[in-house]
Amino acid sequence: MEHKQLKKFPKDFLWGSASAAYQVEGAWQEDGKGVSVWDEFVRIPGKTFKGTNGDVAVDHYHRYKEDIALMKEQGLKAYRFSVAWTRIFPSGRGEVNRPGLQFYIDLVDELLENGIEPILTLYHWDLPQALQDEYLGWESRKIIDDFTNYAAVLFETFKGKIKHWVSLNEQNIFVAHGYLLASHPPAVQDPKRMYQVNHFANLANAAVIKKFHDMDMPGMIGPSFAYSPNYSFNSDPKNVLAAEDSEDLNAHLWLDVYVFGEYPIAALNYLEEQGLAPVIEDGDIELLKSGKPDFIGINYYQTNTAAFNPLDGVGMGKMNTTGEKGSSEESGLPGVFKRVENPFVERTNWDWEIDPQGLRIALRRLTSRYRMPILITENGLGEYDKLTTEKEIHDDYRIDYLKQHVHAIQEAITDGVTVLGYCTWSYTDLLSWLNGYQKRYGFVYVDQDETQKGSLNRYKKDSFYWYKEVIVSNGESL
């Protein structure tokens with residue numbers, strides 16, 4: 001629908017930005033921190049681009065005051081960050097590591113003193129290696145109690161200071177890449193194990209949300225989901241059904257559980273037919289239903305275009321982690337769907353579709369199905385940025401990308417969607433997991449190259465100043 005006039009952004013709209021502990025902090029062995037699965041995984045040859053790791057990352061651990069000063073200068077309303085579980089419990093449980101906890105107390109206090117609302121993510125993929133070694137981490141029900149215990153310490157520490165909490169970040173990504181594609185730890189390729197791991201993660205997520213509510217925590221909590229709406233390639237009913245199947249198996253399989261406490265019927269039926277369905281024990285559904293979130297967090301980057309995929313069709317294809325445009329391969333699920341190229345949208349150098357209107361579609365679909373507030377916890381453009389001799393970064397392409405996505409949010413708000421805030425990915429440049437340091441997302445350029453040598457000096461990009469104007473005008477000046 002086309003509106004004659006768009007509604008204004010709410011006065012309390014959270015104009016924010018985001019990061020994750022492993023990708024920015026560094027200081028991987030300081031102040032009693034334990035080893036995470038990512039600390040180990042990056043040391044396996046060939047797993048990350050040019051062997052890059054987060055040992056130093058962009059040194060946010062030592063430079064957080066400098067980074068927060070930049071946030072204040074920009075006028076940022078909210079900063080979403082994650083806590084490294086291994087800084088609080090080096091072995092996943094036991095005695096609290098006080099120096100590690102103190103870092104986050106200092107970080108939160110610094111944010112609040114500068115008028116920036118902290119949004120705390122409990123888990124952004126850096127599982128304690130000790131729990132992986134002891135009981136295979138997410139493959140055991142033991143993770144539920146350990147994760148809840150860890151979360152409770154943070155709830156107690158920051159009660160009244162933090163209003164918005166994210167329970168799990170991109171559960172769909174860490175289970176698929178960890179247990180199906182073998183591109184994240186623990187580098188397993190076993191769909192049966194993946195769906196069982198996913199069930200245990202669902203239970204852990206529900207348990208933590210239930211704990212949050214049982215403790216009468218002020219504020220809101222919800223998971224953050226990597227959502228890519230599915231389109232049909234055309235109006236051929238076979239392709240339409242393929243898109244429906246992809247939406248069910250790649251979105252509803254998580255979101256329905258979060259909100260309704262139940263698995264979607266067709267998706268669960270398919271998993272049962274294939275012998276892939278998780279073992280659901282007595283009491284599991286009751287726990288899932290007891291952990292209803294207060295909002296849905298979504299990380300939006302792109303859409304998927306689906307077509308029918310025969311039983312002898314394509315399977316898992318190669319993903320582009322090099323930045324060589326066009327190097328990704330077609331992929332799909334034989335007998336169900338395959339992902340095909342959408343001729344109506346552009347792509348990044350990493351072959352991610354640029355589809356601002358897809359964000360509006362995403363917000364509309366989620367609102368219609370779940371009728372909950374939505375917090376956009378990630379959205380951004382990863383691209384090559386160049387530092388000029390004058391120490392400037394002219395990233396007009398990023399400004400254009402973000403401008404179009406902010407406009408799509410305003411259209412969705414005018415449609416009736418409740419959007420709590422918008423956190424760009426990311427604030428500073430950072431380690432892009434498998435893609436190294438050449439794929440840059442931030443408003444702030446960090447002098448860190450692919451050999452992990454650089455001054456780590458911070459430089460404001462053109463997009464820094466653009467977002468500053470967006471914030472001060474509450475979205476009226478794009």
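Ala-251 lies in helix H10, which spans residues 237–260; helices (H or I, at least four residues) and strands (E, at least two) are DSSP runs, numbered from the N terminus. The model is predicted, so local features need pLDDT of at least 70 and side-chain atom pairs count only at pLDDT 80 or more, while totals for chains, interfaces and linings use all residues. Residues are numbered from 1 along each chain as its sequence is written, and side-chain values use heavy atoms, with hydrogens and water left out.

With a relative accessible area of 1%, Ala-251 is buried (under 20% relative accessible area; exposed is over 50%, partly exposed in between; 1.4 Å probe, protein chains only). Apart from neighbours within four places in sequence, Ala-251 is in contact with Phe-225, Tyr-227 and Ser-246, where contact means heavy atoms within 4.5 Å. Gln-102 is 149 residues from Ala-251 in sequence, and the two C-alpha atoms are 37 Å apart in space.

Elsewhere in the chain is strand S13, residues 374–378. Five of the five residues of S13 are buried. S13 runs parallel to strand S7 (residues 296–299), joined by four bridges; two strands pair if DSSP finds at least two bridges between them. In this pairing Ile-298 stands opposite Ile-376 of S13.

S13 also runs parallel to strand S14 (residues 419–425), here with three bridges. Ile-374 has Val-419 in S14 as its bridge partner. From S13 the chain passes through helix H14 (residues 396–415) to S14, a right-handed β-α-β crossover: with the strands pointing away from the viewer, the path from the first strand over the helix to the second runs clockwise.
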